[in-house]
Amino acid sequence: MNEKGIESFQVSSSQSDVESRIKLSAMLERLQDGADRHLQQLGMTISEMLRDGFGWMLMTMDLTLTQTPVLEEKVEISTWSKGYQGVVWLRDYEFIGTSGASGYARSAWTLVDIHKRKILRPSALPYEIPVVAGDITDGPPAKVSIPLEIEMRKAYEFIATYSLIDSNGHVNNARYADLCYDALSANEVSSLRMERFRITYHREVKQDEQGIVERSELVDQSIWFRGINHTGKLIFEAQIQFGT
């Protein structure tokens, strides 16, 4: 049984930003795809899970980039399950590139009934997922909670249009990185180098739903982000830490 899923990709122009660095959303997509293919190697495809009414819901992602992948760099991603704690599944990732890119990520997921939108116990999954202990960390990533002293301001309003939606019928996990980066100025994008991205998802956003993205100023090398839906409820909270 494949305890770890390993795959490679080359950073393309469509995945890169104006600084020829991989977009955060593209990096998150590759991590998500790597996890999907690892599960496929274990005998469970996403289409089969959807057919049987199962889905994965990402709760928290914590990504650290020691060096960001750049245009045309080849990157190898490894991913593995750390098992579960209560109803929360833990999955880690590690990646390394041919031009020096490196980093790792920790994530927390729940198994859900996609029809009832209800969290399921791990025992409901009719598949076996091998557990790798001891790598990266044993605990779940900490949930993101914007400190009360951080002043937030409205950046823009958004609508969950077709381009944001995935096969689960809601805004894809990786697209939230674009929602955050769309709140930055061109100068911030070019001058700030991301070292860490943390996000906690509070509720899903379905097609045509509306929301507001808020952001902070640069505080202690971090910018904080918050999404709020049309009823004023939290969608997500996130933090991007930048290098000095």
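Predicted model: local features only at pLDDT ≥ 70, side-chain atom pairs only at ≥ 80, totals over all residues.

User: Why is Asp-178 called partly exposed?

Analyst: Buried means under 20% and exposed means over 50%, with partly exposed in between. Asp-178 has a relative accessible area of 22%, so the label is partly exposed.

User: What makes Asp-178 and Arg-175 a salt bridge?

Analyst: The cut-off is a side-chain nitrogen of Lys or Arg within 4 Å of a carboxyl oxygen of Asp or Glu. For Asp-178 and Arg-175 the N to O value is 2.9 Å, so the pair meets the definition. Arg-175 itself is buried, at 13% relative accessible area. Both residues sit in helix H3, three residues apart, so about one helical turn separates them.

User: What makes the salt bridge between Arg-153 and Glu-217 tie together separate parts?

Analyst: The closest N and O atoms of Arg-153 and Glu-217 are 2.7 Å apart. Arg-153 lies in strand E7, while Glu-217 is in the loop between strands E9 and E10, so the pair links parts that are 64 residues apart in sequence. Arg-153, at 37% relative accessibility, is partly exposed. Glu-217 is partly exposed too, at 42%.

User: How do you know that Glu-157 is exposed, whereas Lys-154 is partly exposed?

Analyst: Exposed needs over 50% relative accessible area. Glu-157 has 54%, so the residue counts as exposed. Lys-154 has 45%, so the label there is partly exposed. These two form a salt bridge as well, with the closest N and O atoms 2.7 Å apart.

User: What does Phe-197 touch, not counting residues up to four places away in sequence?

Analyst: Among the residues Phe-197 touches are Leu-24, Leu-28, Met-61, Leu-63, Cys-180 and Ile-240. Asp-62 and Gln-239 are also on the list of contacts of Phe-197.

User: And the pockets? What lines the largest pocket?

Analyst: The largest pocket holds about 570 Å³ of space. Its lining has 33 residues, and the closest to the centre are Trp-56, Met-57, Trp-109, Asn-168 and Asn-173. Helices H1 and H2 and strands E2 and E4 each give two or more residues to that lining. By type, the lining divides into 17 nonpolar, nine polar and seven charged residues.

User: How many residues line the second largest pocket?

Analyst: There are 18, with Asp-17, Lys-23, Leu-24, Tyr-181 and Val-189 nearest the centre. The volume of the second largest pocket is about 320 Å³. H1 and helix H3 each supply at least two of its lining residues. The division here is 10 nonpolar, two polar and six charged.

User: What makes the phi of Arg-117 worth a remark?

Analyst: Phi of Arg-117 is near 55°, a positive value in a residue other than glycine. Arg-117 is in the loop between strands E5 and E6, and at 33% relative accessibility this residue counts as partly exposed. Asp-220 also has a positive phi, about 50°, although it is not a glycine. Asp-220 belongs to the loop between E9 and E10.

User: Is Asp-220 buried or exposed?

Analyst: The cut-off for exposed is over 50%. Asp-220 has a relative accessible area of 75%, so the residue is exposed.

User: Where is Glu-204, and what is in contact with this residue?

Analyst: Glu-204 is in the loop between strand E8 and E9. Leaving aside neighbours within four places in sequence, Glu-204 is in contact with Arg-117, His-170 and Glu-209. At 22% relative accessibility, Glu-204 is partly exposed.

How values were computed: Residues numbered from 1 in each chain as written. Heavy atoms only, no water. 1 Å grid on protein atoms, 1.4 Å probe; cavity = no way out; pocket = protein on both sides within 12 Å on 5 of 7 lines; lining within 4 Å. Points joined across faces, edges and corners; volume = space filled by probe spheres on them. Helix = DSSP H or I, 4+ residues; strand = E, 2+ residues; numbered from the N terminus. Nonpolar A, V, L, I, M, F, W, Y, C, P; charged D, E, K, R; others polar. Buried < 20%, exposed > 50% of the residue type's maximum accessible area, 1.4 Å probe, protein only. Contact = heavy atoms within 4.5 Å.
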